[in-house]
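Please look over the structure shown here before reading on.

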Amino acid sequence: MGVETRGFGESSKAPFCNYVTFRGRASRSAYWWLALFLGIVGLPFSLWYSDAIVASTAQTAATSGVNGTAAPAFPTVSPVESWIGLVSLVFLLVFLLPSLAVAVRRLHDCDRTGWFFLIAFVPFGGLVLLVFFVQDSGPDN
C-alpha cells in the first residue's frame, strides 16, 4: 500500500543508505530480505565460534581435572578461532543500528510506534514482534 517491495540485493544495501533513519516505513519484503542476508552471512561465523568455545571448554575441563590437583584454567581458543570471533563481533556492530532502524521502520509500516521494539526485552515479546513483522502494511497516512 504505497511501500514498494524490494528484492534481495536492494534490501541488503538499503540499510546502509538509511543507516540510522528511524522515520518512515519499511516494507515487509525489505525487513525479511535483510533478515535473510544477516542470517546467511552471520550465522556461520556465530556457529563456528560457539563450537570452538564449547570444544575448548571441554578440553580445558578434561585436562584440568586430572587427579584433582591442577588449578582450574580458562578455556583457550586458537588464533584462527579468535579472528572468527572478532569478525563476528565486527559484523554484529556494523549491522546493529541498520537492522534496528529497519525494524523500527517496519513497525511504523504496521501503524505502530517504534517503541514497541522494547517488547523484545519482555518474556515472549519476541513472538509478539514476529507477529507484528509478518503483518500486512497499514494504510498510508
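At 26% relative accessibility, Arg25 counts as partly exposed, a term for values between the limits of buried (under 20% relative accessible area) and exposed (over 50%), computed with a 1.4 Å probe and protein chains only. The model is predicted, so local features need pLDDT of at least 70 and side-chain atom pairs count only at pLDDT 80 or more, whereas totals for chains, interfaces and linings use all residues. Residues are numbered from 1 along each chain as its sequence is written, and side-chain values use heavy atoms, with hydrogens and water left out.

**Salt bridges**

- The whole structure holds 4 salt bridges, each being a side-chain nitrogen of Lys or Arg within 4 Å of a carboxyl oxygen of Asp or Glu.
- One of them joins the side chains of Arg25 and Asp109, at 3.2 Å from N to O; Arg25 lies in the loop between helix H1 (8-17) and H2 and Asp109 in helix H3, so this pair ties together parts that are 84 residues apart in sequence.
- Arg25 also meets Asp111 in a salt bridge of 3.1 Å, N to O, and this pair links distant parts of the chain, since Asp111 is in the loop between H3 and H4 and Arg25 in the loop between H1 and H2, 86 residues apart.
- Asp111 counts as partly exposed, at 39% relative accessibility, whereas Asp109 is buried, with a relative accessible area of 0%.
- Asp109 forms a further salt bridge with Arg106, in which the closest N and O atoms are 2.6 Å apart; these two residues are 3 apart in helix H3 and are thus separated by about one helical turn.
- Both Asp109 and Arg106 are buried, and salt bridges with shared partners join Arg25, Arg106, Asp109 and Asp111 into one network.

- Beyond its neighbours within four places in sequence, Leu107 is in contact with residues including Arg112, Phe117, Leu129 and Phe133, where contact means heavy atoms within 4.5 Å.
- In helix H4 (residues 125-134) the buried residues are Gly125, Leu129, Phe132 and Phe133; seen down the helix axis, they fall within an arc of 95°, so they line one face of H4, the arc being that of the directions from the helix axis to the C-beta atoms.

**Surface patch**

- Trp83, Leu86, Leu89, Val90, Leu92, Leu93, Val94 and Leu96 make a nonpolar surface patch of about 760 Å²; patch residues have over 30% relative accessible area and no salt bridge, with like charges joined within 9 Å and nonpolar side chains (Val, Leu, Ile, Met, Phe, Trp, Tyr) within 5 Å.
- Val90, in helix H3 (residues 79-109), counts as partly exposed at 44% relative accessibility.

**The chain as a whole**

- The secondary structure comes to 4 helices and 0 strands, taken as DSSP runs numbered from the N terminus (helices H or I of at least four residues, strands E of at least two).
- Of the 141 residues of the chain, 28% count as buried.
- The accessible surface comes to about 9100 Å², of which 71% belongs to carbon and sulfur atoms, by the Shrake-Rupley method with a 1.4 Å probe.
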